[in-house]
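Please read it alongside the sequence and the coordinates.

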Amino acid sequence: MNIPSHLKYTKSDEWFDPASGKIGITDYAQGQLSDIVFVEIFVEEGETIEAGKAIASVESVKASAEIYSPASGKVAAVNKDLANKPEVINSDPYGEAWMIQLADASEGDLMDSAAYEKYCAERTH
Amino acid sequence: MTYIPISPKERDAMLATIGVKSLDDLFEDIPAKYRFPKLNLPPALTEMEALDKLSNLALANENIREDLISFLGAGMYNHYIPSVVDHILRRGEFYTAYTPYQPEISQGTLQAIFEYQSLMCALTGMEVSNASHYDGATATAEAVNLANAQFRGKRKKVVISPTVHPQYRAVIRTYTQGMDMQLVGDDNSLLTNSPLASTDLLDALTSLTDETTCLVIVQYPDFFGRIYDYTSLINAAHAKGALVCVVANPTALALFKTPGSMGADIVVGDGQPLGIPLWYGGPSVGFFTTRKQYVHKMAGRLVGETVDSRGQRGYVLTLTAREQHIKRERATSNICTNQSLLALANAVYLSLLGKQGLRQVAELCYHKAHYAAEQLSKIEGMGLCFTEPFFHEFALCVGRPVEEVNAYLLDHGILGGYDLGQDYPALKDHMLIAVTEMNTKEEIDTLVEVLSEVNHG
């Protein structure tokens, strides 16, 4: 499982990049959901959001999940292309599949990669 | 396997286990006055006696096949149903009204639904159809759900034409209770101020549509049978960012421009005219079609075609993650069922008639209705209410209470038209007359003859 060390993580399996302010879902999350067929991002550029707010909805062939923001801040960018190719959430969850980007973000209660790896390991056993 | 839910012995054992003497003890906490009353029923009849009694009661029914000539429509239409429809419906493989819940094992059922969906898309000119709803009214209400979800609850206004079926409008109101929607357009002030003329009405609906509107709902043909091109209304609604739902009569779609080609976002309607009897007003089936871009917000089941691991064609329920049993409270709708058996009736009926056959049915309806309208409008003291083009239904002013006129018609073996005054006070003394391929010229002439006697009778 891929858990990049420069990112921070939530218990609901979102990642946050403190350097860029980008947000997405983890490799663990995409694996649990299986083939993703639909994504809808709820927030718009310029909106100010709080950590924990539902920012997107993802549907796979068998499940549906709501995605919550790992941080508070102003939405600087929304990945509009993602809706046209939701499958990249499966193939490139930390890269092309970023969902939104925050400016002046302040993190919620997040784990570092080591803590998140332990958290995932506990759930798979 | 014998299925006996519980024997008296088991029941006694269960009661003893929880420490009560009788079943009645379990209801002690409910005050006696709120419990189900003792029914004063006569002594039980034998099967022979019961059959005799019920057969005698049934003799009092008059049906439109043998006893009456019918000109009643208003949403349910008397069409010919080829006997093959019923034959296929009653096959054991199909004879369940219920949606498949372990679907992929029933490839035949899924294929039938897939064919149904394809036929409805062809008929409406739309891209996606679900596996059906309960009836046209619930399908229309689901259009409001789709639109509300599409704008994530940020646009709460729904503009409804007053010429959408009154019962559909009532169902929309029931459905959207607690959703904080603002339903406008069909209040009586709009009805009395404008004489329901199509241009005035379309202008009024367009001016009500603004940036807070999620959906505009119109009917085609409208409740009075009138046909109009909704293209400009739809364009105007789109300019405000709103979606448009057209409630359509499927028979009419074989003859006229499809709502899809006018730019509609959602096309719904009742499938009753396509191979389903009138029964006592139901059950029926509702169709729901939309554009691909809205499929994730569409309620109900959706069957898709795919290939299996050996490359063979197969059918699956697709995009199920949008449905309520998976998405729970975040789903657009709490409907994840369909009306499979009657959707199958639609599919069989349409396959039997084909494109040309359905068009012939529609043409017969159109021409017979126009012959009837022409003859009826010549009767002294009567007249057509509207001048717009119409399909197989029209509003006729009869110059006196419709109830009286219908009683007179019934005495002469004719089931008269729908009393429009009950829904539209401005149309007191007007009846809505429906004519289908089932009405012969002789029947229409009889109607004209009997109606011309009404004022002298």
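The pLDDT is the predictor's confidence in each residue, on a scale from 0 to 100. This is a predicted model, and for chain B the mean pLDDT is 92, with 96% of its residues reaching 70 or more. For the complex, the predictor gives an ipTM of 0.80 and a pTM of 0.89. Where pLDDT is low, the predicted coordinates should not be read in detail.

**Contact between the chains**

- The contact between the two chains takes 11 residues from chain A and 8 residues from chain B.
- On the side of chain B that touches chain A, the residues divide by class into 3 nonpolar, 1 polar and 4 charged.

**Sheet in chain A**

- Chain A has an open sheet of 3 strands in the order 4-6-7, and the pairing in this sheet is antiparallel.
- Strand 4 (36-41) and strand 7 (64-68) of chain A are the edge strands, each of which pairs on one side only, while neighbouring strands of the sheet are turned by 20° against each other on average, direction ignored.
- Between strand 4 of chain A and strand 6 (residues 54-60) of chain A, the antiparallel pairing extends over 5 bridges, and A:Phe38 has A:Glu59 in strand 6 as its bridge partner.

**Sheet in chain B**

- In chain B, 7 strands form an open sheet with mixed pairing, in the order 2-8-7-6-5-3-4.
- The edges of this sheet are strand 2 (128-129) and strand 4 (182-184) of chain B, each pairing on one side only.
- Strand 3 (residues 157-160) of chain B runs parallel to strand 4 of chain B and is joined to it by 3 bridges, and the bridge partner of B:Lys157 in strand 4 is B:Gln182.
- Helix 5 of chain B lies across strand 3, strand 5 (213-220), strand 6 (243-248), strand 7 (266-270) and strand 8 (286-290) of chain B, and the helix runs at about 160° to strand 7.

**Helix 5 against helix 6 in chain B**

- Two packed helices are described by the angle between their axes and the distance between the axes.
- The axes of helix 5 (residues 136-150) of chain B and helix 6 (residues 166-175) of chain B come within 8 Å and cross at roughly 50°, so the two helices are oblique to each other.
- Helix 5 of chain B passes helix 6 of chain B in a right-handed crossing.
- From helix 5 of chain B, B:Gly136, B:Ala137, B:Thr138, B:Thr140, B:Ala141 and B:Val144 meet B:Gln167, B:Tyr168, B:Val171, B:Ile172 and B:Tyr175 of helix 6 of chain B.
- The residues of this contact between helix 5 and helix 6 of chain B comprise 7 nonpolar, 4 polar and no charged.

**Helix 4 against helix 12 in chain B**

- For helix 4 (residues 107-124) of chain B and helix 12 (residues 340-377) of chain B, the axes come within 9 Å and cross at roughly 60°, and helix 4 and helix 12 are therefore oblique to each other.
- The crossing of helix 4 and helix 12 of chain B is left-handed.
- Helix 4 of chain B contributes B:Thr109, B:Ala112, B:Ile113, B:Glu115, B:Tyr116 and B:Leu119 to the contact, and helix 12 of chain B contributes B:Ser340, B:Ala343, B:Leu344, B:Asn346, B:Ala347 and B:Leu350.
- In the contact of helix 4 with helix 12 of chain B, the residues divide into 8 nonpolar, 3 polar and 1 charged.

Key
Residues are numbered from 1 along each chain as its sequence is written. Chains are lettered from A and ligands numbered from 1 in the order in which they are written. This is a predicted model: local features need pLDDT of at least 70, side-chain atom pairs count only at pLDDT 80 or more; totals for chains, interfaces and linings use all residues. Axes are lines fitted to C-alpha atoms, for helices over the stretch in contact, and angles run from 0 to 180 degrees between N-to-C directions. Helices (H or I, at least four residues) and strands (E, at least two) are DSSP runs, numbered from the N terminus. Angles under 35 degrees count as roughly parallel, over 145 as roughly antiparallel, 65 to 115 as roughly perpendicular and the rest as oblique. A crossing is left-handed if the near helix is turned anticlockwise from the far one by less than a right angle, and right-handed if clockwise. Two residues are in contact if their C-beta atoms, placed from the backbone, lie within 7 Å. Ala, Val, Leu, Ile, Met, Phe, Trp, Tyr, Cys and Pro count as nonpolar, Asp, Glu, Lys and Arg as charged, and the others, Gly among them, as polar. Two strands pair if DSSP finds at least two bridges between them.
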